[in-house]
Amino acid sequence: MALYNEKVMDHFRNPRNVGALEDANGVGESGNAVCGDIMKVYLKIEDGIVKDVGFETFGCGSAIASSSMATELIKGKPVEEALELSNKAVVEALEGLPLRKVHCSILAEEAIKAALEDYYRKQGLPIPQKILDYKPAVEEDH
Amino acid sequence: MKIYADNAATTRMSRRAIEAMIPYMEEVYGNPSSLYSIGQEAKDALESARETVAGCLGCSPGEIIFTSGGSEADNQALFSAASAGERKGKKHIISTAFEHHAVLHALKRLEKEGFEITLLDVSGSGVVSPKQVEEAIRPDTCLVTIMYANNEIGTIQPIAEIGRICREKGVTFHTDAVQAVGHVNINVKDENIDMLSLSAHKFHGPKGVGALYCRKGIPLLNLIEGGAQEGGKRGGTENVPGIMGLAAAMQEACDKIDESAAHITPLRDRLIEGLERIPHSILNGDCKKRLPGNVNFCFEAIEGESLLLLLDDKGISASSGSACTSGSLHASHVLLALGRAVEIAHGSLRLSIAEDITQEQVDYMIKAVDEVVAYLRSISPVWRDLQEGKREFILK
Ligand SMILES: Cc1ncc(COP(=O)(O)O)c(C=O)c1O
């Protein structure tokens with residue numbers, strides 16, 4: 001059996017939304033180079049809608065696929081929905097990740113939350129409780 | 001183009017090795033311990049294989065025992081020497097920080113049992129100096145175990161000099177030569193080696209079979225209790241077909257060792273030169289004191305697993321010391337021992353080439369790696385930070 005399923009490989013080989021957005025109004029990052037994964041998410045939010053989204057990722061196959069899928073899931077959605085995106089939804093949309101790669105989906109959720117927080121801060125809006133309360137799910141071995 | 005460039009992980013079996021095995025499955029399938037003719041024929045074959053292996057290493061057949069592979073040979077060597085040392089009240093062992101886990105984990109166990117372990121520093125070139133060994137030897141040192149060639153970065157250690165020092169000081173010297181046998185010339189007598197581990201699948205033989213050379217007079221401890229096979233030092237009916245494959249592959253590899261090296265080494269150097277042209281990259285390990293087929297690089301701001309997956313898409317089978325490819329989520333202990341920063345160790349690539357490599361394949365690999373590294377950097381936030389001066393390059 002291959003390391004990843006076809007869906008994951010598709011998002012790894014042909015990542016959607018890859019690249020920085022010049023006119024982003026919310027930027028967030030998660031992970032660190034020592035662990036071997038960093039994700040950076042760029043959001044362009046207009047009228048409460050995620051009009052555009054981009055990402056840059058340093059990491060393994062599942063990290064790139066998770067960034068691609070997570071950004072796909074919030075693109076065109078109201079900010080409130082983007083706020084609700086969970087790592088579980090990313091794993092489900094990818095039709096599963098190997099157990100020890102689930103942390104990559106957590107990083108994707110974290111990066112999106114961080115980008116949303118940056119957006120609220122820049123707009124001078126109160127940070128939603130959802131973000132203030134957010135604690136990334138515990139990763140096994142990092 | 002399909003290129004298998006992971007010969008340090010395992011090799012394709014040679015036709016001669018396969019053919020050497022078949023008769024011992026189909027016709028001469030007797031148990032070497034049986035007295036009737038097909039048993040005795042198997043026994044004769046086994047002993048001729050032992051002679052072949054001994055001939056390649058420069059020892060006598062009685063000094064070779066067959067094992068299930070390199071890991072078992074390493075374990076038996078270490079536990080035997082430790083046990084012999086303990087009987088004399090000597091409980092200090094010297095090794096290096098970048099041994100294979102078969103050695104490092106056995107040492108961990110010995111440490112728990114009260115042995116003191118000194119791991120020599122290999123930072124920089126990935127080559128330990130004989131002087132380091134000499135200075136580390138103490139009156140209570142019972143064993144020096146240093147690999148002949150490293151499995152990740154391919155660096156070759158000054159085994160003959162270390163052997164001479166150990167012999168002078170009366171310390172047992174074991175070398176894990178799993179990566180070296182069949183690739184570099186070895187003579188255990190000339191190099192004063194007391195114990196040596198080898199594994200068939202690293203030189204175009206079958207998997208799951210290896211051997212331990214143990215100099216006459218060095219006591220061995222059984223890992224496997226059982227019948228009187230292998231001089232009573234390893235119970236269990238011998239893997240006759242596997243051993244025949246091992247001997248045939250070893251003879252073949254040793255016969256053309258210089259010819260193979262003469263073909264592979266310049267292509268290895270071409271590959272190294274090509275990859276060195278990629279900015280912010282570095283060769284891991286000494287550029288000359290290395291196995292003819294080993295190339296190991298780190299590339300800044302990328303991660304090894306994605307590199308391997310994209311190379312696989314281009315038909316290249318390679319390996320990496322990245323945490324994500326290790327199964328343990330830890331970066332390679334070898335690259336860390338070399339002194340590489342963790343984030344750099346994640347971006348490593350090992351290409352290990354064999355006799356069938358061509359210049360066309362080397363040039364294809366250089367191009368493929370260059371393209372994949374450039375692509376992964378183009379989507380890497382670390383690379384952006386480096387470009388924008390928000391982060392300092394580690395590899396200049
Ligand atoms: C240096 C070294 N030692 C030991 C081993 C273990 O050999 P085997 O796979 O035959 O147990 C290997 C192979 O992975 C190796 O490269």
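Strand β10 (residues 294-299) of chain B and β12(B) pair in the antiparallel sense, with five bridges between them. Strands here are DSSP runs of E of at least two residues, helices are runs of H or I of at least four residues, and both are numbered from the N terminus; two strands pair if DSSP finds at least two bridges between them. This is a predicted model, in which local features need pLDDT of at least 70, side-chain atom pairs count only at pLDDT 80 or more, and totals for chains, interfaces and linings use all residues. Residues are numbered from 1 along each chain as its sequence is written, chains are lettered from A and ligands numbered from 1 in the order in which they are written, and side-chain values use heavy atoms, with hydrogens and water left out.

In β12(B), Ser352(B) is the residue opposite Asn294(B). The two strands belong to an open sheet of three strands in chain B, ordered β9-β10-β12 with antiparallel pairing. β9 (281-283) and β12 (348-352) of chain B are at the edges with a single partner strand each, so one side of each has no neighbour in the sheet. On average, neighbouring strands of this sheet are turned by 20° against each other, direction ignored.

Two helices lie across this sheet. Helix α9 (residues 257-276) of chain B lies across β9, β10 and β12 of chain B and runs at about 5° to β10(B). α10(B) lies across β10 and β12 of chain B, at about 40° to β12(B). Axes are lines fitted to C-alpha atoms, for helices over the stretch in contact, and angles run from 0 to 180 degrees between N-to-C directions; contact means heavy atoms within 4.5 Å.

Chain A has an open sheet of three strands as well, with the order β1-β2-β3 and antiparallel pairing. Its edges are β1 (26-32) and β3 (49-58) of chain A, each with a single partner strand, so one side of each is left without a neighbour in the sheet. β1(A) pairs with strand β2 (residues 37-46) of chain A in the antiparallel sense over seven bridges. Within this pairing, Gly26(A) has Leu43(A) as its bridge partner in β2(A), and Asn32(A) stands opposite Asp37(A). The hairpin of β1(A) and β2(A) has four residues between the strands, and Gly36(A) takes a positive phi near 95° there.

Helix α2 (residues 61-74) of chain A lies across β2 and β3 of chain A, at about 175° to β3(A). Helix α5 (residues 102-123) of chain A lies across β1 and β2 of chain A, at about 145° to β1(A).

The two chains meet through 25 residues from chain B and 30 residues from chain A. About 2,200 Å² is buried between them, 59% of it from carbon and sulfur atoms; buried area is the accessible area (1.4 Å probe) that two parts lose on being put together, summed over both. Three salt bridges are counted between chain B and chain A, a salt bridge being a side-chain nitrogen of Lys or Arg within 4 Å of a carboxyl oxygen of Asp or Glu. Asp313(B) forms a salt bridge with Arg13(A), with the closest N and O atoms 2.5 Å apart. On the side of chain B that touches chain A, the elements giving two or more residues are α10 (304-313), α13 (342-345), α14 (359-378) and α15 (381-387) of chain B. α10(B) gives the largest share of that side, five residues.
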